[in-house]
Amino acid sequence: MRAPLALRAAIISLLLFVGLIVVWHIGTMQRGPTLKMDPQYAKLMGSTVTQGKSAMPGPGDMGAKIWQHLQDPFYDRGTNDKGIGIQLLYSIARVLTGYLLALAAALPIGFLIGMSPLMARALDPFIQILKPISPLAWMPLALYTIKDSSISAIFVIFICSVWPMLLNTAFGVATVRREWLNVARTLEMSPVRTALRVILPAAAPTILTGMRISIGIAWLVIVAAEMLVGGTGIGYFVWNEWNNLSITNVMVAILCIGLVGMLLDQLMARLQRVVAYAD
Amino acid sequence: MSLQNPLNATLALASNTCSCGQHSSQTVHDAALVSAEQRLTRVVESAVVRAIFPDDRSRRALLRKVGAATALAAISQFFPLRSATEVFAQTAAPEKQDLKVGFIPITCATPIIMAHPMGFYSKHKINVEVVKTAGWAVIRDKTLNKEYDAAHMLSPMPIAITLGVGSNPIPYTMPAVENINGQAITLSIRHKDKIDPKAWKGFKFAVPFDYSMHNYLLRYFLAEHGLDPDTDVQIRAIPPPEMVANLRADNIDGFLAPDPVNQRAVYDGVAFIHTLSKQIWDRHPCCAFAASKEFVTTNPNTYAALLKSIIEATAFATKAENRKQIAEAIAPANYLNQPVTVVEQVLTGTFADGLGNVRSVPDRIDFDPFPWESFAVWIMTQMKRWGQIKGEVDYGSVAKQVFLATDTTRLMEEAGLKAPKATSKTFAVMGKEFDPTKPEEYVASFAIKRAS
């Protein structure tokens with residue numbers, strides 16, 4: 001008699017987690033050599049030097065830091081010092097704005113490309129050239145032309161999340177079963193009605209796949225973009241703590257980025273299940 | 001020193017020490033200037049006196065002969081000093097209340113930063129938001145975008161921007177230098193036996209930006225020790241926050257960087273301070289307070305209030321006894337985001353050098369707002385020397401265009417007064433005299449250079 005699969009998987013996950021923490025703890029437990037030094041000199045130096053403490057934080061330091069952030073995630077101590085919760089909200093707001101704009105652009109253009117082989121051919125070279133450009137390469141150009149750093153960051157999110165949605169929409173629309181379109185034609189449905197009642201539901205799973213890929217990319221890019229322009233957001237938080245060489249805070253931020261990314265992905269997965277249909 | 005009494009016969013306006021002779025150091029001397037009003041008067045007097053006597057020697061000769069009171073009376077005859085001071089001190093309502101000023105989290109920005117927590121901005125009825133920014137290119141673009149009304153820049157940047165080197169040419173103004181000295185050559189602790197620069201062949205160095213005093217000072221220092229900075233070593237631009245991480249990872253062997261980066265590397269036990277930049281050129285300029293020309297002309301009162309706040313903050317920062325308090329004010333996460341000990345070591349000049357010694361250099365960093373034109377000329381000679389600018393350079397007029405756009409000058413012109421003529425001073429870099437009137441000869445005099 002065996003335990004259910006989910007339970008066994010959970011046990012293995014837990015063991016891996018505990019193993020990781022133990023290895024991490026042992027790895028950072030070691031204290032480096034400490035030299036004898038003048039107490040007055042020692043007062044001017046950091047704990048890495050005076051106590052031989054590892055510059056890498058251990059799981060204990062990390063836990064304490066997380067607890068500290070959880071206690072007051074929304075503090076605001078001036079322009080350049082805001083709580084991690086506020087920073088995450090800034091980032092999420094930016095990602096959603098850029099993402100929704102991209103969605104608004106990708107859906108109609110994707111439909112156009114999918115329904116018209118002529119437009120598909122005509123737009124293809126542009127898409128092929130623009131698609132592989134790293135979104136951050138747009139940043140200097142965006143800053144120079146848009147002349148606003150927060151809109152530039154949103155633009156970068158837009159440009160990186162538009163391609164998977166555009167291509168998936170086009171593909172989904174182009175591969176709608178011929179028979180369904182023929183049925184619609186025999187019933188003398190208007191083109192708009194055909195698009196909304198036949199093509200959209202048929203292509204929805206493919207479109208949702210594109211949207212899921214896009215939100216993942218957008219979340220990846222926002223961190224880098226915010227590190228570049230600074231000001232607010234989780235990317236700025238990472239940069240600011242790097243500036244202070246606070247590895248603990250950087251690791252807390254990494255954890256938060258991972259958690260939020262997972263949540264966004266799960267949200268899209270839910271939506272995907274809603275529109276899925278059996279062929 | 002623009003905060004010194006310009007009507008003191010024994011004092012060289014360009015001097016390096018306290019030359020009135022009554023104080024042990026310049027810092028103590030400046031501490032003697034009590035009220036802000038008095039300081040303001042001094043700044044204006046300095047500008048005027050410098051204008052009348054472009055040559056420091058003739059000013060001193062005259063003062064010795066007739067005495068300060070007579071000289072002042074004589075100058076007042078044809079130059080209304082009092083009203084010039086009043087123009088500067090007037091409290092016209094600023095056109096724009098809410099301002100944004102960008103800064104890079106280094107101690108060079110001390111006057112800009114500290115004016116916020118210590119209330120210098122609010123005293124002049126402006127509501128300034130100081131915004132931490134990730135890099136020099138971003139700060140430049142955000143100033144051009146008008147997201148920032150003014151910003152902290154490296155003093156060669158306004159010149160480079162005006163010349164169109166590394167960007168489109170845009171007229172820029174640099175009304176004040178923020179700090180003098182305050183940089184250092186820091187080497188990885190692995191090289192603690194290689195004190196002699198001749199052993200540095202093959203090293204990888206980092207500087208914050210191509211158009212920075214750091215780049216020029218490091219190149220100068222290496223060349224003076226017989227190393228060609230382009231072929232014998234590698235110099236790359238790395239943003240200050242990444243420097244310590246790179247040094248720890250052995251990606252670089254050392255850097256000439258702004259503080260607190262140097263002290264932070266020592267604090268973390270990965271480096272030692274080899275040479276303070278004051279040992280290369282004492283009282284060299286470093287960072288600057290810059291603003292777009294448009295902001296200056298459209299918001300004169302706001303701009304005056306902003307600059308007054310910064311001049312006052314600078315004057316406050318020159319006093320040794322205030323430095324501890326300043327360190328505490330600017331160290332938190334909202335500003336520099338560094339341990340207070342690190343910032344305090346930088347500002348007080350009592351610091352650990354990374355080799356086990358505690359050193360005391362009170363003027364390791366100092367603050368002086370006056371943008372001497374000869375500084376601009378020197379920067380351009382180095383741009384020429386290392387091939388950043390090619391062909392004929394109109395040193396004088398560019399220096400005037402960028403550095404002479406000082407607030408003092410502007411306010412005086414507004415009041416219908418004759419603005420001071422070009423002000424220059426000579427100085428020595430590693431013992432070699434620099435004459436701002438002969439820049440081409442200066443460039444030609446170096447053995448190691450790129451310029452043809």
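Predicted model: local features only at pLDDT ≥ 70, side-chain atom pairs only at ≥ 80, totals over all residues.
| Property | Chain A | Chain B |
|---|---|---|
| Helices | 12 helices | 21 helices |
| Strands | 0 strands | 16 strands |
| Buried residues | 31% of 279 residues | 56% of 452 residues |

**Chain A**

Read from one end of the sequence to the other, chain A follows the pattern α-α-α-α-α-α-α-α-α-α-α-α, and it contains 0 strands. What radius of gyration would a compact globule of 279 residues have, and what does chain A have? For the globule the value would be near 19 Å, but chain A has 25 Å. Along the principal axes, the C-alpha trace of chain A spans about 90 × 65 × 35 Å.

One pairing can be followed residue by residue: β1 (residues 98-103) of chain B runs parallel to β3 (residues 150-154) of chain B, and 2 bridges join them. Within this part of the sheet, Gly102(B) stands opposite Ala151(B) in β3(B).

A residue to look at here is Val296(B), which lies in helix α14 (residues 293-298) of chain B. Val296(B) has 20 other C-beta atoms within 10 Å, and a residue counts as buried if it has 20 or more, so Val296(B) is buried. Leaving aside residues up to four places away in sequence, Val296(B) touches Thr173(B), Ala291(B) and Tyr303(B). Val296(B) and Asp98(B) are 198 residues apart in sequence, while their C-alpha atoms are 15 Å apart in space.

**A sheet in chain B that begins with β8**

A further open sheet of 5 strands in chain B has the order β8-β7-β9-β6-β10, again with mixed pairing. Which strands stand at the edges of this sheet? They are β8 (234-237) and β10 (271-276) of chain B, and each has a single partner strand, so one side of each is left without a neighbour in the sheet. From one strand to the next, the twist averages 25°.

In general, the strands of a sheet pair through backbone hydrogen bonds, and they may do so either parallel or antiparallel. In this sheet, β6 (residues 183-188) of chain B and β10(B) run antiparallel and are joined by 5 bridges, and Thr186(B) stands opposite Ile273(B) in β10(B). Helix α11(B) packs on the sheet and touches β6, β7 (204-207), β9 (254-258) and β10 of chain B, with a direction that makes about 155° with that of β9(B).

**An enclosed helix**

Helix α18 (residues 373-385) of chain B has 13 residues, which at 1.5 Å a residue should span 18 Å, and this agrees with its end C-alpha atoms, which are 18 Å apart. Is α18(B) largely enclosed or largely open? Because 13 of its 13 residues are buried, α18(B) is largely enclosed by the rest of the structure. Just after this helix, Gly387(B) takes a positive phi of about 75°.

**Where the chains meet**

In the contact between the chains, 31 residues of chain B are in contact with 31 residues of chain A. On the side of chain B that touches chain A, at least two residues each come from β2 (127-132), α8 (136-144), α11 (240-248), α12 (261-267), α17 (340-348) and β12 (350-352) of chain B. Strand β2(B) gives the most to this side, with 4 residues. By type, the residues of this side of chain B divide into 15 nonpolar, 9 polar and 7 charged.

Key. Residues numbered from 1 in each chain as written. Chains lettered and ligands numbered in written order. Contact = placed C-beta atoms within 7 Å. Nonpolar A, V, L, I, M, F, W, Y, C, P; charged D, E, K, R; others polar. Buried ≥ 20, exposed ≤ 12 C-beta atoms within 10 Å, placed from the backbone. Pairing = 2+ DSSP bridges. Axes fitted to C-alpha atoms, helices over the stretch in contact; angles between N-to-C directions. Expected span 1.5 Å × (residues − 1). Rg over C-alpha atoms; globule rule 2.2 N^0.38 Å.
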